Amino acid sequence: MAKLIIDRELCTECGECVDQCIYGALSLEDDGLTVDVEKCMLCGACEESCPNEAITIPDKKAVVQADRDSYHGIWIYAEQWEGEINEVAFELLNEGKRLAEKLGEDISAVLIGSGVKDKVAQLSGYGAGRVYLVDHQICKVPEEELYAKILSDLAETYKPKIILFGATALGRTLAPRLAARLGTGLTADCTVLDVDAEKGLLLQTRPAFGGNVMATILCPDVCPQMATVRPKVFSKGDSDAGRTCELITHDAALDRVKTKTRIKRVLPKDSDGEVRLEDAEVVVAGGAGCGSKEGFALVHQLAEALGGTVAATRPPVEEGWVDHGVQVGQTGKVIAPKLYIALGIAGAVQHAIGMQSADMIIAVNKDPDAAIFQLADIGIVGDMFEVVPQLIKQIKEKGLVVPTKQ
Ligand code: FAD
């Protein structure tokens with residue numbers, strides 16, 4: 001067992017290590033620097049921070065490795081709302097299965113809610129070999145503080161090697177809380193996942209430096225390794241209703257869990273009948289080329305003619321022509337519709353990240369060299385204010401024909 005060694009001759013009691021220890025394991029007492037072994041995680045922050053090299057952890061690497069070896073399996077968090085499992089859970093299961101096979105590990109889902117036990121079969125159908133279920137009245141509404149406590153209790157008990165979350169509104173707040181509780185790292189908004197099977201490492205790739213490079217991030221010293229992935233980045237695969245799984249019902253002593261948050265009221269989502277952007281099969285997107293809010297109205301008109309949903313690049317959002325909820329791209333949504341029509345959009349990499357998985361892309365741009373034409377299946381070089389009214393006219397006169405790829 002490794003331990004922290006303090007060289008009293010070298011230590012000047014400057015307190016630098018005490019400030020750096022996030023676990024509060026070090027203190028300056030009357031008889032000098034003292035370490036509380038119960039609290040010390042041997043993370044090495046003190047060793048690195050000491051200006052006099054008075055602290056050493058001789059076999060830290062061996063301890064880290066031994067600790068990592070005690071973690072097993074890949075978990076995906078199966079987000080649900082009112083008993084409906086979010087599609088991103090099935091997408092993560094599909095990708096998680098692939099990673100688990102490469103690692104020689106199991107794939108499990110974690111389901112928390114109230115009256116959700118009947119959803120276990122759905123998760124096993126999509127590939128979960130095991131489901132950890134916490135089904136309790138107080139979990140009815142997904143509340144981050146409570147759910148993070150439950151998840152950390154589960155993770156400390158069963159020690160998963162990797163935990164994946166959907167980068168949904170809930171996942172984006174729940175995953176960091178959990179990572180902080182477990183003292184581990186988290187990579188948000190990954191667009192590619194892979195594993196180094198030999199080292200048991202999750203390779204977490206995401207855009208960095210404004211999307212100009214793709215960074216692959218590793219978490220080599222602590223477990224679990226955690227990442228969030230946006231909906232639609234992975235496909236969900238086929239369900240096999242005949243597949244069964246092991247069920248572990250976890251009693252997290254929920255009646256005694258105390259949280260500071262009180263939910264007073266849950267408001268129903270506004271719905272004007274329009275299909276959610278993430279679920280839309282036909283999307284018409286407008287960019288800065290629309291020129292103004294009035295110009296953007298053409299995007300709405302084409303979407304309406306096609307029965308599609310409106311989306312946008314970042315400039316129309318920044319200009320206030322549309323809400324941020326319809327922004328597609330690195331800092332917006334990732335979508336994979338059957339048809340994506342891009343009007344007055346240049347095709348910047350930060351936008352492409354959000355729409356390049358569409359089955360078919362049609363672009364209208366007056367610049368023949370626009371990058372969007374590299375992504376498009378059909379490119380129309382022209383002024384959208386001339387092309388789109390003609391398109392709408394044709395659709396209305398001749399009926400709707402949504403092209404699909406063979
Ligand atoms: P422009 O680049 O201005 O292109 C307008 C296009 O319209 C041009 O190609 C032009 O030829 C064409 N055009 C002009 N008039 C007409 C006309 N009458 N008819 C036809 N074509 C016409 N962007 C996003 O979209 N989503 C994101 O999530 C996102 N996140 C970002 C995150 C970071 C960290 C950074 C740095 C940037 C991000 N961006 C994002 C911004 C991104 O880099 C681009 O600036 C943005 O996508 C450009 O939008 P655009 O194509 O609408 O505008």
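Which residue forms a salt bridge with E281, and how far apart are the closest N and O atoms? The partner is K338, and the closest N and O atoms of the pair are 3.2 Å apart, where a salt bridge is taken as a side-chain nitrogen of Lys or Arg within 4 Å of a carboxyl oxygen of Asp or Glu. The model is a predicted one, in which local features need pLDDT of at least 70 and side-chain atom pairs count only at pLDDT 80 or more, while totals for chains, interfaces and linings use all residues. Residues are numbered from 1 along each chain as its sequence is written, and side-chain values use heavy atoms, with hydrogens and water left out.

The protein as a whole comes first. Its secondary structure comes to twelve helices and 21 strands, these being DSSP runs numbered from the N terminus, with H or I over at least four residues for helices and E over at least two for strands. The C-alpha atoms fill a box of roughly 90 × 50 × 45 Å, taken along the principal axes. Of the 406 residues, 47% are buried, a word that stands for under 20% relative accessible area, with exposed meaning over 50% and partly exposed the range in between (1.4 Å probe, protein chains only). Among contacts between residues at least 6 apart in sequence, 63% join residues at least 24 apart, a contact being heavy atoms within 4.5 Å.

One part of the fold to follow is an open sheet of seven strands in the order β11-β15-β10-β5-β8-β9-β16, with parallel pairing; two strands pair if DSSP finds at least two bridges between them. Because β11 (186–190) and β16 (246–249) stand at the edges with a single partner strand each, one side of each is left without a neighbour in the sheet. Neighbouring strands of this sheet are turned by 20° against each other on average, direction ignored, with axes fitted as lines to C-alpha atoms (for helices over the stretch in contact) and angles running from 0 to 180 degrees between N-to-C directions. Within the sheet, strand β5 (residues 74–77) and strand β8 (residues 107–113) run parallel and are joined by four bridges, and W75 stands opposite S108 in β8.

Helices pack on this sheet as well. Helix α4 (residues 87–103) touches β5, β8, β10 (162–166) and β15 (225–229), and its direction makes about 175° with that of β5. Helix α7 (residues 169–182) lies across β5, β10, β11 and β15, running at about 155° to β10.

Leaving aside neighbours within four places in sequence, the residues in contact with Q204 include T187, C190, L218, M226 and A227. A polar atom of the Q204 side chain also lies 3.4 Å from the backbone oxygen of L202.

The opening pair can now be placed among the charged side chains.

Other salt bridges lie within a helix. E318 and R314 meet at 3.3 Å, N to O, and both lie in helix α9, four residues apart, about one turn of the helix. E318 counts as exposed at 57% relative accessibility, whereas R314 is partly exposed at 46%. In the salt bridge of E397 with K393, the closest N and O atoms are 3.5 Å apart; both residues lie in helix α12 (residues 384–398), again four residues apart, and both are exposed. A network of salt bridges links E95, R98, K102 and D194.

Of the 26 residues around the ligand, A288, T313, T331, A346 and N365 come nearest, a residue being near if one of its heavy atoms lies within 4 Å. A polar side-chain atom of T331 lies 2.7 Å from a nitrogen atom of the ligand, and an N or O atom in the side chain of D383 is 3.0 Å from a nitrogen atom of the ligand. For Q327, an N or O atom of the side chain is 2.9 Å from an oxygen atom of the ligand.

Key. A polar contact is a pair of N or O atoms within 3.5 Å; within protein, one must be able to donate a hydrogen and the other to accept it, and residues adjacent in sequence count only if both atoms are side-chain atoms.
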